[in-house]
Amino acid sequence: MTASSPMPRRAFLGALGAGATMLGIGACSSSGDDSGNSGGDPNAAQTIEWWHIQNTPPMLPVWQELADQYTAQHSNVKINITPIENEAFKARLTTVTQSGDAPDIFQTWGGGVLKQQVEAGLAKELTGDLASIKDSLVSTGVQPYEWDGKVYGVPYDIGMVGFWYNKKHFATAGISAPPATWTEFLDAVRKLKGAGITPISLAGGAKWPGHYYWTYLSMRLLGPDGLKKAAADKKFDSPEFIQAGRHLKELVDLQPFQNGFLGAPFDTPDGEAAVMGNGQAAMELQGQWAPAVQKEQSGKDLGADLDWFSFPAVDGGKGKVTDTMGGGGGFAVGKDAPPAAIDFLKFLVTADNQRKAVATGSVLPITKGAEDAIQDARQKKVADAVSKSTGFQLYLDQDYPPSVGQTVNDSVAQLIAGAMSPEDVAKAVTEAAQNA
Amino acid sequence: MKALPSGPVRPGGTRAVARNTVLYLIVLVVGLFVVVPIGYGVLGGFKNNGQLSNNPFGLPDPWIFSNYTDILGSVTFWRPLWNSTVIALATTLLCVGVAAMAGFIFARFAFRGRELLFMLFTVGLMFPFAVAILPLFVLLREFGLLNNPLGVVLPQAAFGLPVTIIILRSFFRAIPSEIEEAATMDGCTPFGFFWRILLPMARPALATVSVLAIVTSWNNFMLPLVVFNDPTQWTIPVAVSQFNSQYSQDTAKVLAYVVLAMVPALALYAVAERQLVGGLASGATKG
Amino acid sequence: MTRSAVDEAKPARAREVPEPPADSTGRRRFRTDLVTIVLFLLPALVLFGLLVLAPILLASYTSLFKWNGLGGPPEDFIGLDNFTRLFSDKVFLGDLQHAAILIALTVVFQLPFALAIALLLCQRIRGRMAFRLLFFAPYVLSEVIAGVLFAMVFSPNRGLANHLFGLVGLEDLATNWLADPAVVLYSLFFVITWKYFGFHMILYVAARQAIPDEIIEAATIDGASPWETFRYVTLPLLGPTIRISIFLAVIGTIQLFDLVWVLTRGGPIHASETMAVTMFDFGFVRSQVGYGSAISVVMFMISFVFALFYQRFVMRRDIEGAVTGMRDRR
């Protein structure tokens, strides 16, 4: 403040400029090195940004171990792993999609969500890169990542949604065999209620677990092809969808869910999985990952008390009880990913490495030949049902573009809360589909 | 905030004592209302999850330090802290610098359209930040400022301008014109007056608006949430919310993280309470 | 911060007219210095225009399109369809209702509570400065931190709230604070009060301290009861501050996001959803940027119209009377 006026002014502006430049450099270093080595020499030094959603054991250490193995073999590659919890990941990826700047490898379930990411120029086409390994993978598992003859992702898991149930509770309630039809299912729920047991644990706050019920009921009524046709025609207001809603309402009217289910998350100590793991409810409709999450969130193991049955048949429906709804995790590759990213994904799904993932009990094999790593009898049941499935439907909230999938989740959540009628749900989903 | 003795308090007398006791009790209850959740967090961080379930109130038994020490030894805490600091300082520097220049013009120059322009800035106070987030995101994408600290710094500085300009302008106005005249006599240019006389005199006001800008930037969640996808760029609020879902099964650890994340803001408050409270009060009531 | 000093526009204009003549001689040289004016104002104008005003205009534009925000610019022009859809959307109507309830709760409970505490802490009480500092402290914390902390407090099993009820023998009152659609908005209000009452209290304390003690003493000497003194002397003198604090609370409620996002994401079944959360949901999660922009525009219109009306009809008196009058007296 001693010099004449113009000097300090320059110094002032200079300081501002320097500050901005400094920040600018900070920005470049974090995103710059990805784009630099895109499509370049596979032996050049490169860093892979990897986002996965296995943020807890048992899978968290497996991914870490595989990454360490890979980088040990490829000294030019560095892998930065960011594990993000499922819900947070889904929320985060929406802004990533909008920003158009993706990590090099990121979790996906395929379907319409991935398709939108591809259309937004976020994810790379992998058809040629994966040609060499495609035949080693189970074809149902690849389907969600493939359309118009092109492949956009690598699955590491394929499974399905079904009822995980507590045999001890079923026995207490006098239920001798898992229900095979919706009517029997409702009866079982009544018996459980009568025995003072909470029949079903549901993560109403997370919304997506609720949509499994509506999807399965719709698929049992329409058949898998009917459901696919409805999606193609953008018509979800046929009588079958309304009937599916009514069936769900029959269940809701029995008040089968745990206390506070409307706000319950899935994977927290108060959530659906923990309630199940703590033995506080008799069943949950979940995917192949359910037992692992139960253990992780409740700190307890139901052990031999836990078993599995397929979603029951619905009287008069066109669908078979062997039609399955499910899917599995996969990875998409960001548009600016370095060449090693694809190589690393291939490495992840070699039969040997799949066995390591499968051995955790939270992933079912996508690679042919890794089936022998399934140790758990119930997981074998699930894998069996998948391999024998007569029709396959990906989870609707992944199969449909986000604007439709989220409407399905949201409307069904409201149906379960009694805030929407079956007709309202059909109308809302149809409108969303036609607006998409 | 010099407290003036006020209120009709008659000295002595049992009624006065009884009355004061009642008042004191009320204040204590309100104090508990404020303190208990924070205390629960602080103590909870020293427990494990079993203790949290069985003994949410009592002192930890045994005291478990690993929650805090693990976090303090981890980059997941220090990196967002650094990011928040850099962004808060850059925002403040930019916002206060630009606002001071504008405030100087608004305070000490007369020209046609001045009040209209000034109005324009004050209207900015009515834009809640949330209103602009979606189009702002689209704009920042066009400018290529996503995943870039400037994508947070520039909008924060822009949204901080109205209140900063208003406070600084009223302060600049209060500086007697004799000083300006004297400076002009001595051959001072407008910039010389601004830089060498006005700004040094305005130090208290600059401190006030700086603290306001720092706190606002420090606590901003929405903008860094959508601008930064890369976890290495996350600021404290984003990191807290991510940590919360990441370790949702470990309540004690999340509590420890939340408590540690409070410390910088509370420390700043302890140091700059006068500027902060004064700034808010004057910002809200200066007419 | 956007929560303050909103009443500036009016008084500024009022002040413009009586330009003190003393300034004019010294200032004439500066006044002509157009270059200085432009150079000094330009950075602020560019920053403000580009990042505050432009987004509002951009939102008005994109709100007329069906646009998923991905790829190129919006092309599917649909006129005001997004707005008609908005006003038949139960979720959005629910948002408006929640805002109204939160504002009502704030005005009826939180602000009087803050006022009472402020007046109490202007009494001669040991440690009143410490209490003021303490009560204001939550305001300094980010809403995210408050949200995560209270998510734990309200957690049904490990949480503090239900244990607290159990401790005093009111187990029956234990409930799912954040999972029951009938309760969640009140839980949210509880957290808002915890976080913000100290801010309003500080405003009131500052205003109360600006009232000369002689006025209060005069009323007391005239035989007014403490209540009468409050009702007819203190309260009217605090009027301008109270009206500003209501204004800030309303604007703050309209843009409420962080706290809700962290605590409930607007759930269960939208029972605690706010306009900002719905906007964020459509804009970022559901890729309906056009529709999300329409919500932004409506939020802006509501804030703007409210601000204009409030300044025109509620705060006008303050600007022309009480505030200036008080300042003169000081």
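In the model, 103 residues of chain C are in contact with 96 residues of chain B. The model is a predicted one. On the side of chain C that touches chain B, the most is given by helix α3 (residues 34–62) of chain C, which supplies 16 residues. By class, this side of chain C consists of 68 nonpolar, 19 polar and 16 charged residues.

One residue of chain C that meets chain B is I125(C), whose contacts, apart from neighbours within four places in sequence, are N20(B), L23(B), Y24(B) and V27(B). I125(C) lies in the loop that joins α5 (90–120) and α6 (128–140) of chain C. There are 17 C-beta neighbours inside 10 Å of I125(C), so the residue counts as partly exposed; the buried class requires 20 or more and the exposed class 12 or fewer.

Chain B contains 13 helices and zero strands. Its pattern along the sequence is accordingly a run of α elements, α-α-α-α-α-α-α-α-α-α-α-α-α. The radius of gyration of chain B is 24 Å, whereas a compact globule of 287 residues would have a value near 19 Å. The C-alpha trace of chain B extends over about 75 × 70 × 35 Å along its principal axes. Buried residues account for 56% of the 287 residues of chain B. Among the contacts in chain B between residues at least 6 apart in sequence, 78% link residues at least 24 apart.

Chain A has both types of secondary structure, with 18 helices and 13 strands. A compact globule of 436 residues would have a radius of gyration near 22 Å, and the 24 Å of chain A therefore agrees with the rule. The box filled by the C-alpha atoms of chain A, taken along the principal axes, is roughly 90 × 55 × 45 Å. Of the 436 residues in chain A, 56% are buried. Contacts in chain A with a separation of 6 or more are, in 74% of cases, between residues 24 or more positions apart.

Chain A also touches chain C, with 24 residues of chain A in contact with 20 residues of chain C. Three helices of chain A, α3 (86–99), α4 (111–119) and α17 (402–417), each contribute at least two residues to the side that touches chain C. The largest share of this side, six residues, is that of α17(A). The side of chain A that touches chain C divides into nine nonpolar, 13 polar and two charged residues.

Within chain A, the packing of one helix pair was examined. Two packed helices are described by the angle between their axes and the distance between the axes. For helix α9 (residues 208–233) of chain A and helix α10 (residues 239–253) of chain A, the axes come within 8 Å and the crossing angle is roughly 130°. The arrangement of α9(A) and α10(A) is therefore oblique, since angles count as roughly antiparallel over 145 degrees and as roughly perpendicular from 65 to 115. The two helices, α9(A) and α10(A), cross in a right-handed sense. The contact involves Y213(A), W214(A), L217(A), S218(A), L221(A) and L222(A) from α9(A), which meet E240(A), F241(A), Q243(A), A244(A), G245(A), H247(A) and L248(A) from α10(A). Eight nonpolar, four polar and one charged residue form this contact of α9(A) with α10(A).

Notes. Residues are numbered from 1 along each chain as its sequence is written. Chains are lettered from A and ligands numbered from 1 in the order in which they are written. This is a predicted model: local features need pLDDT of at least 70, side-chain atom pairs count only at pLDDT 80 or more; totals for chains, interfaces and linings use all residues. Axes are lines fitted to C-alpha atoms, for helices over the stretch in contact, and angles run from 0 to 180 degrees between N-to-C directions. Helices (H or I, at least four residues) and strands (E, at least two) are DSSP runs, numbered from the N terminus. Angles under 35 degrees count as roughly parallel, over 145 as roughly antiparallel, 65 to 115 as roughly perpendicular and the rest as oblique. A crossing is left-handed if the near helix is turned anticlockwise from the far one by less than a right angle, and right-handed if clockwise. Two residues are in contact if their C-beta atoms, placed from the backbone, lie within 7 Å. Ala, Val, Leu, Ile, Met, Phe, Trp, Tyr, Cys and Pro count as nonpolar, Asp, Glu, Lys and Arg as charged, and the others, Gly among them, as polar. The radius of gyration is taken over C-alpha atoms; the globule rule is 2.2 Å times the number of residues to the power 0.38.
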